[in-house]
Amino acid sequence: MNTDEENIVKRLRMVLLIALGMSALACAAAPAPQAAGTAGAEITLVPEGHSDLPGYSGDFDHFAVDLPGNRLFLAAEDHGTLEVFDLHSGKHLKSVGGFETPHSIFPIPQTQRLLITDGSDTIKLLDAATLAPAGTLKLHPGADSIGFDGGSGHLYVVTGGKDVKLRESWLEEIDPVSLRKIGETHFDADHVEAMAVEQHGPHIYVNITDKNRVAVIDKATRRIVAQWPVREAAQNALAQLDEVNHRLFIVARDPGRFIVLNTDGGTTIASFTAPKHVDAEIFDAANRRVYAPGGEGYIGVYAERDAGHFAELAHVPSAAGAKTAILVPELRRLYVAVSPGEGKTGGAIIWFAVKSAPSS
């Protein structure tokens, strides 16, 4: 090798050493990738407090909030009670009995009543101030999930199904003020779960869980106008709606999936892993997020970047059995019920401060 060739080789070696050094420095400076379980927890939900309920067993179901009265209500479905908390402090105030299997709670400010679906053949009514019994409304047995249409002022109630040993189910429409039944939609199904109701449009979207479909109901005729298969997972159970962007958010349980459907035809827009044991789904419209609390012990948080783009933001640690929740936007707070499950005692509610999404 002559002198010129030796010089070229030396220069090439120097360039290579410099390149390798720069690469090592870049790798050392780059932050380590974060696990999905903590990737965005600090920017979405921050733990604020908890309130224990010793002596409880089984599952809790849904929440409701009374802002003027500073109260938070929780249906203790397996305990047969309505639990009442101070909304701001979270302190447990009282327990109200007299129920079979309370599920959903709906305040009626016009009549100062509290409506509670009880899993039996009657809906229970309480005086909102005293929480004393104030009447009943008879429907098909098995009253469970509800949905409200602010335009008509009507309430929709899922009834029937396997929990009351029926092979059929109904979506019953009532006027919660007059307590008059308006009509019903029949389903040849023994397992119907939650719904999403358009507030400015003509449709209701109902999870027909045993058929793995979403039924689209025309509110005016109460007829099923479409049925969309849910292909990504079985046991589709929860539903929330971004009506402006024509997006329906479904959570299925087997396996846990968060699924985004286009309400203009039912095609899938996005799909992500979700907790398996979710019993409530919340759309945070202000921050364009969806919260899916799971009994495994974490809350799945999903972002709607725009109508065509979605992302999994975080797995926020919660507690085992923490699978139902309610968002109170006025307080920027998310409350979650911790069910002790069968064979255990001691439940709780926990709450999180909702952090605002970064402005784009």
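Guide: Helices (H or I, at least four residues) and strands (E, at least two) are DSSP runs, numbered from the N terminus. What you see above is a predicted model, where local features need pLDDT of at least 70 and side-chain atom pairs count only at pLDDT 80 or more, while totals for chains, interfaces and linings use all residues. Residues are numbered from 1 along each chain as its sequence is written, and side-chain values use heavy atoms, with hydrogens and water left out.

Visitor: Let's get our bearings. How many helices and strands are in the protein chain?

Guide: The chain runs to 360 residues. Its secondary structure comes to 2 helices and 28 strands.

Visitor: What percentage of the residues count as buried?

Guide: Buried means under 20% relative accessible area, with exposed over 50% and partly exposed in between (1.4 Å probe, protein chains only). Across the 360 residues of the chain, the buried share is 51%.

Visitor: And what share of the contacts with a separation of 6 or more comes from residues 24 or more positions apart?

Guide: A contact here is heavy atoms within 4.5 Å. Among those with a separation of 6 or more, the share for residues 24 or more positions apart is 41%.

Visitor: On to the inside, then. Which residues have the most contacts within the largest nonpolar core?

Guide: A nonpolar core is a set of buried Ala, Val, Leu, Ile, Met, Phe, Trp, Tyr and Cys residues joined through side-chain atoms within 4.5 Å. The largest one has 19 residues. Those with the most contacts inside it are Leu-45, Tyr-291, Ile-299, Val-301, Leu-334 and Val-336.

Visitor: Which elements give two or more residues to this core, and which gives the most?

Guide: Five names come up: β24 (298-306), β25 (309-317), β26 (322-328), β27 (333-338) and β28 (347-354). The top contributor, with 4 residues, is β28.

Visitor: How many residues are in the other core that lies apart from it?

Guide: That other core includes Ala-194, Phe-249, Val-251 and Ala-292. Its residue count is 16.

Visitor: What does Ile-299 touch, beyond residues up to four places away in sequence?

Guide: Ile-299 is one of the residues with the most contacts inside the largest core. Leaving out residues up to four places away, it touches Leu-45, Tyr-291, Ala-292, Pro-293, Ala-314, His-315, Val-316, Ser-318, Leu-334, Val-336 and Phe-352.

Visitor: Is Pro-47 buried or exposed?

Guide: Pro-47 sits in strand β1 (residues 45-53). Past its neighbours within four places in sequence, it is in contact with Trp-351 and Phe-352. Its relative accessibility is 62%, so Pro-47 counts as exposed.

Visitor: How far apart in space are Pro-47 and Ile-350, C-alpha to C-alpha?

Guide: In sequence, these two are 303 residues apart. In space, their C-alpha to C-alpha distance is 7.8 Å.

Visitor: Is Lys-124 buried or exposed?

Guide: Lys-124 belongs to strand β8 (residues 122-127). Residues it touches, not counting those up to four places away, include Gly-98, Phe-99, Leu-114 and Thr-136. Because its relative accessible area is 17%, Lys-124 is buried.

Visitor: What is the length of the polar contact that joins the side chains of Lys-124 and Asp-118?

Guide: A polar contact is a pair of N or O atoms within 3.5 Å; within protein, one must be able to donate a hydrogen and the other to accept it, and residues adjacent in sequence count only if both atoms are side-chain atoms. The Lys-124 side chain makes one with the side chain of Thr-122, at 3.4 Å. For Asp-118, the figure is 2.6 Å.

Visitor: With which side chain does the side chain of Gln-227 make a polar contact?

Guide: Gln-227 lies in strand β17 (residues 223-229) and is partly exposed, with a relative accessible area of 40%. The polar contact, at 3.3 Å, is with the side chain of Arg-213.

Visitor: What is phi of Arg-222 near?

Guide: Arg-222 is in the loop between β16 (213-218) and β17, and at 26% relative accessibility it counts as partly exposed. Its phi is a positive value in a residue other than glycine, near 60°.

Visitor: In which strand does Gln-235 lie?

Guide: Gln-235 also has a positive phi, near 60°. At 36% relative accessibility it counts as partly exposed. Its strand, covering residues 234-242, is β18.
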